[in-house]
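Please keep the sequence and the coordinates open while reading.

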Amino acid sequence: PHCWLLPRSCCLVHHGGAGTTQAAIRAGCPSVVVPVGVDQFHFAQRVEELRAGVTLSVGLAHVSSKELVGGIRKTMRMTLPMKLVSTLQKERGALAAVNIMETFLDDWVRSGKFALARGPQSEEDKPVQPPLVRTEAPLVMRRSVGESLPETLHFARPVTQGTGSKIAILAFGGRGHAQPVAAVTQALMQRGHHVVVLTSSDGLDFFSTAHIEVQATYTNQHDLALALGGVWTPFWDGTKDVTTEEVMNSLEDREAHHAAKRLTASDAALTDPYAALVAYQPDLVLYTSDTKFPALRYETSHLVPALAMYFTTAFGAFVTCDTPPRPSLFATSAQVDAKLPENSLHRVTGPWCLQEHIPEKACSEGGPLRSLSHFLAVLSKPVVVTWGSMLPKATPPMQMLGLALRSLRAAGRRGIILGGWAKLHDLGHQLVQEGLPGLGADHEELRRFAEEKVFFAPHAPLSWLLPRCACVVHHGGAGTTHAAVAARCPSVVTPLIGDQLHFARQVSKLRVGVGFEKTLPHITTTDLTRALERALRMVVSEQLVARVEREHGATVAVSIIEDYLRAWVKSGRFFNAASKLRGATPEAQSECRGLLVRVA
């Protein structure tokens, strides 16, 4: 490679091609140019004029070895002008060309000025445009692995969207990630922005139901959990304090990474997330922590900013300040979550709550919530148990169901058990109808208890359910924790992994419930029964709930995003700053970063 070889050479003999000539000057290496034809004689003349080497203008076919030796000896005594070398090194040709193209696109093409100047076209000259397909459901772009990207891609645009910016959101995870992403997406759409969500294949139905344009770019999360035999749970038994570093390390599951790659390769319906970004060409990318690589790759290749989204402040101390500067969005409550280290670019917006409208007919005769509504209406408020999208390896579904039923029975409370990924509702129905000897020696007692006092359902809207319940047992996900506080429903948090231990501590600290310091596999029936009894005596502060309700997280997030679009993206400030950083030396990059952060 010339960029490596020429700075280590005292002279270069070449034909005078444009690339080789400029590479030699940039490297400060004198040239002996022996042209063959065409523009090579032109560059040979320029080398002489610039005193960047010697030219044997007779051409390669007529040059003698004696002449070549003389030319080499002459150039070895030459030193290229440093001003010429440094000027060439500073030039950034490709970036300058891109700037010129984009200026022309903005000034002439997108404005329609070029088409007007060209004048009317005959029918034969007019290009054939593929039809724009519009459907009531959002279109999903899919391609087989290895298939080339389509040259033209039309996205169906919901009627609520206008002429705002194009925004792509990468979200990989279960319902706990999907709901806040849907909330902020709907808020962006209401402001006129065009938004596409790139998510796992099992999230397509959820986002489509929320009238959001969605595309499958990640493997089915539930299938991944099943392929792994469940989610690995760290060994935290409550005997020692767990550091934030240990919590972060618990999220690094190499086995899960390899399993995800295998499932992705076998699913021809998935689109590579980076390829989807290239096809969509967004003005801004939002990403969750586990989707950052395609987002940052797109930022590097297209100089389009990527903003990080977090659903807790637990790892705020480890969030880096990227340059050019941009805000990091924390979709969590400042009243419920821990305080962040002082940083003007860390923006805690409040939780992004999806508005779940439950029509009256849903609870009437024949409606999907009719049976559950009837169960809630009689006797005392029940305890709801939901472990959501958790499927722990160390605690199989049968064991989870046994823990829930025995604890409810010991506490003397009616219960609602939501199945989630573990499908506890299926096991519950099997217990009531056929019996489950696998539960243990007390399976008949548990069967009678479940038949009389427990309602099993696959899922239910928490914003509607929790205000009607006395307490909620859950895994400590950000969404469920915030929903419980908003409903003034005390929590019992049985964490499994990651930030769930953090929310367990916050629940105990705020006295809105009981949070365990050990993970679910180490929690016994006695432990959970005692925690339930304590939580049932607690009252969630009205003042705390009122402060959380005033946060309006999704609206605040949209305001921050629009301010950044206006100040950094549409103004060209981000592109210019990123262009300078890309071409600068490490020392200049460091100096530029410091200046940009101070400006921000």
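Is Arg46 buried, partly exposed or exposed, and what is its relative accessible area? Arg46 is partly exposed, with a relative accessible area of 36%, where buried means under 20%, exposed means over 50% and partly exposed lies in between, for a 1.4 Å probe and protein chains only. The model is predicted, so that local features need pLDDT of at least 70 and side-chain atom pairs count only at pLDDT 80 or more, while totals for chains, interfaces and linings use all residues. Residues are numbered from 1 along each chain as its sequence is written, and side-chain values use heavy atoms, with hydrogens and water left out.

**Salt bridges**

- The structure holds ten salt bridges, a salt bridge being a side-chain nitrogen of Lys or Arg within 4 Å of a carboxyl oxygen of Asp or Glu.
- Arg46 pairs in this way with Glu49, their closest N and O atoms being 2.4 Å apart, and Glu49 is likewise partly exposed, at 45% relative accessible area.
- Because Arg46 and Glu49 are three residues apart in helix H3 (residues 40–49), about one helical turn separates them; helices (H or I, at least four residues) and strands (E, at least two) are DSSP runs, numbered from the N terminus.
- Glu562 forms a salt bridge with Arg191, with 2.9 Å between the closest N and O atoms.
- Since Glu562 lies in helix H24 (residues 553–569) and Arg191 in the loop between helix H8 (175–190) and strand E5 (194–200), this pair ties together parts that are 371 residues apart in sequence.
- Glu562 is buried, with a relative accessible area of 13%, whereas Arg191 is exposed, at 55%.
- Glu542 forms a salt bridge with Arg488, the closest N and O atoms being 3.4 Å apart, and the pair links distant parts of the chain, with Glu542 in helix H23 (residues 542–549) and Arg488 in the loop between helix H20 (478–486) and strand E15 (491–493), 54 residues apart.
- Glu542 is exposed, at 54% relative accessible area, while Arg488 is partly exposed, at 35%.
- A network of salt bridges links Arg406, Arg409 and Asp442.

**Aromatic pairs**

- The whole structure contains seven aromatic pairs, in which rings of Phe, Tyr and Trp (its six-membered ring) have centres within 6.5 Å, planes under 30 degrees apart counting as stacked, over 60 as edge-to-face and the rest as tilted.
- Tyr310 and Phe330 are stacked, because their ring centres are 5.1 Å apart and their planes lie at 20°.
- This pair links distant parts of the chain, with Tyr310 in strand E8 (residues 306–310) and Phe330 in strand E9 (residues 328–330), 20 residues apart.
- Tyr310 is buried, with a relative accessible area of 18%, and Phe330 also counts as buried, at 0%.
- Phe311 and Trp352 have ring centres 6.5 Å apart and planes at 90°, so the pair is edge-to-face; Phe311 and Trp352 are both buried.

**Helix packing**

- The axes of helix H2 (residues 18–26) and helix H5 (residues 82–90) come within 8 Å and cross at roughly 115°, where axes are lines fitted to C-alpha atoms, for helices over the stretch in contact, and angles run from 0 to 180 degrees between N-to-C directions.
- Gln22, Ile25 and Arg26 in H2 meet Leu84, Val85, Leu88 and Gln89 in H5, contact meaning heavy atoms within 4.5 Å.

**Cysteines**

- The structure holds zero disulfides, a disulfide being a pair of cysteine sulfur atoms within 2.5 Å.
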